[in-house]
Amino acid sequence: ALAVEAVQRDNPAANRLLETISLLSPVGVDRDLLYDPSSGVPDAEIDEALGQLVDASLLTFGVDEDDEETAIVHRFVQRVILDRARVAGTLLTVAGDTARLLWAGIEARANTLMSVESLVRVVKHAGVLWALVMQEIPDGGSVVVQDVLRLRVGMVSQIEGIGLRREAIEVGEAVMADCKRFLEPNHPVLWTARPNLAGAYCKYGDADRACALFTKNLREQVQAYSANHPLTMQTRHYLAVAHVVAGRISRATRMLEEVLDDRTRLLGRDHVDTLLSRYELGTTYCLTARTTEGIGLLEQTLADLERTCGADHPYVLSNLTALAWFYARVGRLDDSLEMRKKHLTRNEQRYSTGYDLVLLERGRLADAYARAGRLAAAMRLYERNLAESEKGHGADSPLTLETRRQLDAARNHARRNRTH
């Protein structure tokens, strides 16, 4: 307690950090989330304050499996900080500032996916903040509620982005219920909550529920703005994609063509939203008799995305996957394999060994090699996946068992080929 008093009295910068970390889950806070460019506080000043907290034995650092450095406060120190903030009447102010800090960190990672470990930590942080705010103001009458809801809403797309679709739906439905409870209709956070949940519904195969959420947003946004407002065009785009998932291809094609024309005219040919609409239209063409036209659009879009957004942008990776799939459908197997190799290489560069998205993409490349009859290459990839899956998930995990089954099938196929 004496160390806490000294920090609060003599070191405002360190005290702010200590309060922030103390309000969150004891699993630890990713160090890079503590830097907020919008605050104007230099990173060096934050580093100095963190070092002072470590020197005062109020803070320690750990490292997870992805080499993410995490700041950890002892539970006793947390209780002391919370009690003092509650008595001083600053607890909710700190909670709001903390939610905005974490949200800024998520926005800074908008074009990348967080590691599983980092994501789990932030989900826990959001839950701890929400429970704290509800304990202090159960009627929700505070802007802090909006700040924490915004953070929770942002987590839904991150969870869905790493393939945890059921978990994304569970979190998204809980957040949606709280948004309806505490926010006014047409609130921007509510407009974000619906498409995030709808995206999870689409990935889980429930396109009709997704369409209903997108349609509700579209109706409200057209009334509030116009059909060609950037936010409204975004909703029109994703509603069209939901119709694709629902199998309403003709309707979706017309909608995507209209959105692409509007975005090209209003935002420009190279705007990332325009390129996304062109990518979705290309994939939709490939689902009809316009496959050649669709592949041409995807090839053009891939080149433009790499030029304007960089080779590691998520839209680039999605485009590589789509081209791999549709090249294979038209018999361009070598081109399909090349797209999958590029995707795997970029995932391996972004994520750690054994990361699920890397294992998934490597497995897809191995499957493609096996279908092309290149069994030796397929087995090498399956063997690497098996070793990493056993290490990261255990010998009896579903992913490990499936990888072992795929490897055994490839080996058996190779043996049969040698006997003929």
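I take a polar contact to be a pair of N or O atoms within 3.5 Å, where within protein one must be able to donate a hydrogen and the other to accept it, and where residues adjacent in sequence count only if both atoms are side-chain atoms.

I am working on a predicted model, in which local features need pLDDT of at least 70 and side-chain atom pairs count only at pLDDT 80 or more, while totals for chains, interfaces and linings use all residues. I number residues from 1 along each chain as its sequence is written, and side-chain values use heavy atoms, with hydrogens and water left out.

Entry one, S336. I found S336 in helix α16, where helices are DSSP runs of H or I with at least four residues, numbered from the N terminus. S336 is buried at a relative accessible area of 4% (buried means under 20%, with a 1.4 Å probe and protein chains only). Its side chain reaches the backbone oxygen of A324 at 2.6 Å, and beyond four places in sequence S336 is in contact with A324, Y327 and A328 (contact means heavy atoms within 4.5 Å).

Entry two, S22. I looked up S22 next, which lies in helix α2, residues 12-22, and is buried at 2% relative accessibility. The side chain of S22 reaches the backbone oxygen of L18 at 2.7 Å. Which residues does S22 touch, not counting those up to four places away in sequence? I noted V73, Q78, I81 and L82; of these, I81 is 59 residues from S22 in sequence, yet their C-alpha atoms are 6.7 Å apart.

Methods: Buried < 20%, exposed > 50% of the residue type's maximum accessible area, 1.4 Å probe, protein only.
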